[in-house]
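Student: I would like to learn how the words used for a structure follow from its values. Could we work through some of them together?

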Amino acid sequence: RTATIIAEQPSLLIKISRDVFLHFCKMVRLNVHDVMASRILETFQAYHIPFFDAIPQDKMPLLARFCKVEHMRKDQLVFAEGDEGKRFYIITKGEIKVVKKNGTELVRLGPGKYFGEIALVLEDCPRTASCIATRKSVLLSMSKED
């Protein structure tokens, strides 16, 4: 979860299971992947990512379809210094700290910032630092295989 919901007055809560939701989407011909891709595209537009400047605007919806939404817990390691670079990340919620093996903290990144872009460009390039969530965070990620 990315938020805690608290009722401030008596309320009716309706719980819908994933299976029921997906069945409903199928009945009304709503493609959940299209909805998610649309939300991811909105994120791309909200945060100017210079790394994407060379991509034609009409190709951005396709790029959005390749993104994976990743939920990170506080203190969860995204990747370690020296790991093989496989994914690029965009922070949509939370904060990520970038740390060297010797413990030196280089920077903290928040929503709209990105990291790991070298993994999409260079082959066999190890991570130059570790990235760790400092709180619950939501990341968009994509791999060079995508």
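Tutor: Let us begin at the surface of this predicted model, where Asp 83, Glu 84, Glu 123, Asp 124 and Glu 145 gather in a patch of negative charge.

Student: What makes the charge of this patch negative?

Tutor: Asp and Glu count as negative, and the residues gathered in the patch are Asp 83, Glu 84, Glu 123, Asp 124 and Glu 145.

Student: Why is Glu 123 called exposed?

Tutor: Exposed means over 50% relative accessible area, and Glu 123, at 60% relative accessibility, therefore counts as exposed. Glu 123 is found in the loop between helix H4 (118-121) and strand E7 (130-133).

Student: How many aromatic pairs are there?

Tutor: With ring centres required to lie within 6.5 Å, the count comes to six aromatic pairs. In one of them, Phe 52 and Phe 88 lie 5.7 Å centre to centre with 70° between the planes, and since planes over 60 degrees apart count as edge-to-face, that is the name this pair receives.

Student: Why is it said that the pair of Phe 52 and Phe 88 ties together parts of the sequence?

Tutor: Phe 52 lies in the loop between helix H2 (32-46) and helix H3 (60-65), whereas Phe 88 lies in strand E3 (residues 87-93), so the pair joins parts that are 36 residues apart in sequence.

Definitions and conventions: Residues numbered from 1 in each chain as written. Predicted model: local features only at pLDDT ≥ 70, side-chain atom pairs only at ≥ 80, totals over all residues. Heavy atoms only, no water. Patch = residues over 30% accessible without salt bridge, like charges linked within 9 Å, V, L, I, M, F, W, Y side chains within 5 Å. Areas by Shrake-Rupley, 256 points an atom, 1.4 Å probe, with all protein chains shown as cover. Salt bridge = Lys/Arg side-chain N within 4 Å of Asp/Glu carboxyl O. Charge placed at Lys NZ, Arg CZ, Asp CG, Glu CD. Helix = DSSP H or I, 4+ residues; strand = E, 2+ residues; numbered from the N terminus. Buried < 20%, exposed > 50% of the residue type's maximum accessible area, 1.4 Å probe, protein only. Phe/Tyr/Trp six-rings, centres within 6.5 Å; stacked < 30°, edge-to-face > 60°.
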